[in-house]
Amino acid sequence: MSWGPWSHPGHAAVLALVEERAGLAAPSCPAAAEEGIARAMARAGLTDLDAYRARLAEDPAALDDLLIELTVGETYFFRTPEHFEHLRRHALPELRERHGPSHTARLWSAACSSGEEPYSLAALLLAEGWGEHMTVYATDVSRGALARARQASYGEWSLRGPWADRIRPHLRAEGRKYVLAPEVQRRVRFSYLNLALDTWPSPESGIWKLDVIFCRNVLIYFNTATIAAVARRLHDALAEGGYLFTGPSDPPLGGLAPLESVLTEWGVLYRRPAPGTSVSVPGGSLATSTEARPAAPTPGAWVAPPREPTSSPGDAGPGPHASGVTGLPREYASTPVATPVTGPSTGPATAEARRAAVTNAARLALARGDWREAARLLGTQDDNPDTAAAAVRTLANLDARAAVSASTEAAARHPLVAGLRYLEALLLLGQGQLTDAERSIRQALYLEPTLVVAWLVLGRVLRRRGDTAGALKAWQEAELLCAALAPDAAVPLADGERASALATLARTERLRLEAALAAGEETT
């Protein structure tokens, strides 16, 4: 037991039991966890932590009550509408095409909380004409939440999302509440299920051969071992070709189960490979593979950090730099030429001569207008994402526009590597393609929300796009992330830069923008 620090050792014992029973990871904020335990103990009528732990061990209802305190039951109808739109536009039509009009779609809301998510799924399928051809399973570890879900009575807070209008036709006002119509309620089957336990998938529970799984914003609470186990069971619960949607804050599942990762404009979703294909898992048992996926976003040390600006912030646009490289952000242009590790065997005796030969061959290919050949020579499509990234950096020092294309292909080849998306964003920013740069940097942050350098770049992109409020928030986020690190801690993808230095950079960027806003030089 290493959790803490705690005001009383009994808190650690209580949370150890929670981890054992529900697979929850150590809370990130001990003070908040202690407050939650205190509230749950008060409801249980207990003041002694040892007695409370004993109660939790024997009373599932008491454990459920504590789980509500330790997790955030944040939900509303059609939360993260991009997921529902992808389901509507892509997954459902494909299911119908693949299985025919008589197919009954099987969907699962794996952590349904108070029911808004599974009811949203049912309402969507009704609107798309699936009628009786759907079954929506909804499970949760909290029996209290399930009871509220079955009541199907909601307040305005559940309707705060941008897609709330899609559920309103199914609601009937009763005082200050809204009651969901029976035609939606009866499509959803609620039941208790602890995702951390090896009780699913199974025909008895209905949790198997599913076409679509929504398991969103719950994996973030689990410890590493439980995440891996749940990922494998989610794969096993899917039908071949089935879709898995996780939340923006959930950890990536690539490498934990033989799931195909699909990168979209809004983030990553997963699929169980269709018949005849499979995806290997590093260290796993599946042998057939189209491409070995990384176990997680793989940060490397191959991208230079945003440097302390030497002129006004946000000036990372195209233009000549001291290094002689054009069209790159200053921080990127300052990086040394990467070491190409692939290429034709030209016979030089030394590695340095071989690198020079490969680079020269790539330069000649670029002179012929064949950037693909240059990229191939340098190894931008290497199976190793770090090698691919280094090759893209080398290409960027030869031809920035070619590097943009190569980085996009490399990122597509390694869809779970946040660093490649970050590199792509830097290159796009250097080319002045702000819309695409913002998309790429947000994808990087989707894959790795704590990537400090990505928040710094997002701030620059947003400021150049005129979103000063967004820029300030991005730099504030970078400051907060740096503050959570030891001052001398090396920041991922920051080329050895320390947290204190990047915190200073983020603060400087923010203060300069605030000063510009106060002086009327920029507007919100």
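Strands β1 (residues 105-109) and β2 (residues 134-140) run parallel and are joined by 5 bridges. Two strands count as paired if DSSP finds at least two bridges between them. Ala105 has Met134 of β2 as its bridge partner. The model is predicted: local features need pLDDT of at least 70, side-chain atom pairs count only at pLDDT 80 or more, and totals for chains, interfaces and linings use all residues. Residues are numbered from 1 along each chain as its sequence is written, and side-chain values use heavy atoms, with hydrogens and water left out.

Both strands belong to an open sheet of 7 strands with mixed pairing, in the order β6-β2-β1-β7-β8-β10-β9. β6 (188-192) and β9 (260-263) stand at the edges; each has a single partner strand, so one side of each lacks a neighbour in the sheet. Neighbouring strands are turned by 20 degrees against each other on average, direction ignored. Helix α9 (residues 224-237) packs on the sheet and touches β1, β7 (210-215) and β8 (238-246). Contact here means heavy atoms within 4.5 Å. The direction of α9 makes about 135 degrees with that of β8. Angles run from 0 to 180 degrees between N-to-C directions, with axes fitted to C-alpha atoms, for helices over the stretch in contact. Helices (H or I, at least four residues) and strands (E, at least two) are DSSP runs, numbered from the N terminus.

Helix α14 (residues 400-413) has 14 residues and reaches 20 Å from its first C-alpha to its last. Asp399 caps the N-terminal end of α14, with a side-chain oxygen 3.1 Å from the backbone nitrogen of Arg401.

How values were computed. Expected span 1.5 Å × (residues − 1). Polar contact = N/O pair within 3.5 Å; in protein donor to acceptor, adjacent residues only side chain to side chain.
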